[in-house]
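Visitor: I have a model open beside its sequence, and I would like to learn how to read it feature by feature. Could you take me through it?

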Amino acid sequence: HTARRPRHRTNPVGADEPAQRALRLLETRLDGDPAANQLELDDTDKKQFAELQQAMGQAQQEQSLVVQKLRVRETEKRRSDLTLSELKDVDNSTKAYVQVGKMFLQEDLAGLKKKLSDKSEACGKEAATLKQQKEHVDEAAKKVTADFQEFIKAHLVQAPTEQPSGS
């Protein structure tokens, strides 16, 4: 038996999204030099910080899900359009076969063309809806990121630096 390697998820659009940048910025400030900025949080602030992180994660997840669905619908539409363009010159009396699982079923070519055009139209409408949904999700993600950055700025405290003694 060979060990299965874990599948790595790639971010389909904009690998450097604002939420990821904000998290890296925070990590850089917290993990870096001891004289760097640090967060000062009480229990309620920690809870709010966790909620903001969770909201950012959900927003990113929702963004990638919508982008993935949009990509699938656009691919289905292109495939249907391409198949339909290949079949437009073929006479309707020609026998056509549609694959269903491992078998092929004979189907009326006119009916097949109709199904392909209907599928293309449906995918186009769904893609348009998903584009609008993506715009709304992107706006919501920007708002969550802005709230997160505002929270960070409000709670950043400059660590004291040693002053050289001048005698």
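Predicted model: local features only at pLDDT ≥ 70, side-chain atom pairs only at ≥ 80, totals over all residues.

Visitor: Which elements does the protein contain, and in what order do they run from the N terminus?

Guide: A reading begins with the inventory of elements and then their order along the chain. Here the protein has three helices and four strands, and, taken from the N terminus, the elements follow the order α-β-α-β-β-α-β.

Visitor: What share of the residues is buried, and what share of the contacts with a separation of 6 or more joins residues 24 or more positions apart?

Guide: Burial is judged by relative accessible area, where under 20% counts as buried. By that cut-off, 23% of the 167 residues in the protein are buried. As for the contacts with a separation of 6 or more, 73% of them link residues 24 or more positions apart.

Visitor: At what angle do helices α2 and α3 pack, and how far apart are their axes?

Guide: For a pair of helices one reads the angle, the axis distance and the handedness together. Helix α2, residues 43-87, packs with helix α3, residues 109-155, at about 160 degrees, and their axes are 7 Å apart. Angles over 145 degrees count as roughly antiparallel, and α2 and α3 are therefore roughly antiparallel to each other. Their crossing is left-handed, and the residues of the contact of α2 with α3 comprise 22 nonpolar, ten polar and 15 charged.

Visitor: Which residues form the largest nonpolar core, and which element gives the most to this core?

Guide: A nonpolar core is read by listing its members and then asking which elements supply them. The largest one consists of eight residues, namely Leu39, Phe49, Leu52, Met56, Val144, Phe148, Phe151 and Ile152. Helices α2 and α3 each supply at least two residues of this core, and α3 gives the most, with four. Apart from this core lies another, of five residues, including Leu87, Ala96, Leu112 and Leu116.

Visitor: Is Asp45 buried or exposed, and which residues does Asp45 touch beyond four places away in sequence?

Guide: For a single residue, one places it in its element, then reads its accessibility, and then its neighbours. Asp45 lies in helix α2 and counts as buried because its relative accessibility is 15%. Leaving aside residues up to four places away in sequence, Asp45 touches Glu40, Phe151 and His155. Asp45 and Phe151 are 106 residues apart in sequence, yet their C-alpha atoms are 9.1 Å apart.

Visitor: Where is Ala154 found, and is Ala154 buried or exposed?

Guide: Ala154 belongs to helix α3 and is exposed, since its relative accessible area is 59%. From C-alpha to C-alpha, Ala154 is 9.5 Å from Glu40, although 114 residues separate the two in sequence.

Visitor: How does Tyr97 count in terms of accessibility, and which residues does Tyr97 touch beyond four places away in sequence?

Guide: Tyr97 sits in strand β2, residues 96-100, and counts as partly exposed at 48% relative accessibility. With residues up to four places away in sequence set aside, Tyr97 touches Phe104, Leu105 and Gln106. The C-alpha atoms of Tyr97 and Leu109 are separated by 8.6 Å, the two residues being twelve apart along the chain.

Notes:
Residues numbered from 1 in each chain as written. Heavy atoms only, no water. Axes fitted to C-alpha atoms, helices over the stretch in contact; angles between N-to-C directions. Parallel < 35°, antiparallel > 145°, perpendicular 65-115°, else oblique. Left-handed = near helix turned anticlockwise from the far one by under 90°. Nonpolar A, V, L, I, M, F, W, Y, C, P; charged D, E, K, R; others polar. Buried < 20%, exposed > 50% of the residue type's maximum accessible area, 1.4 Å probe, protein only. Core = buried A, V, L, I, M, F, W, Y, C linked by side-chain atoms within 4.5 Å. Contact = heavy atoms within 4.5 Å.
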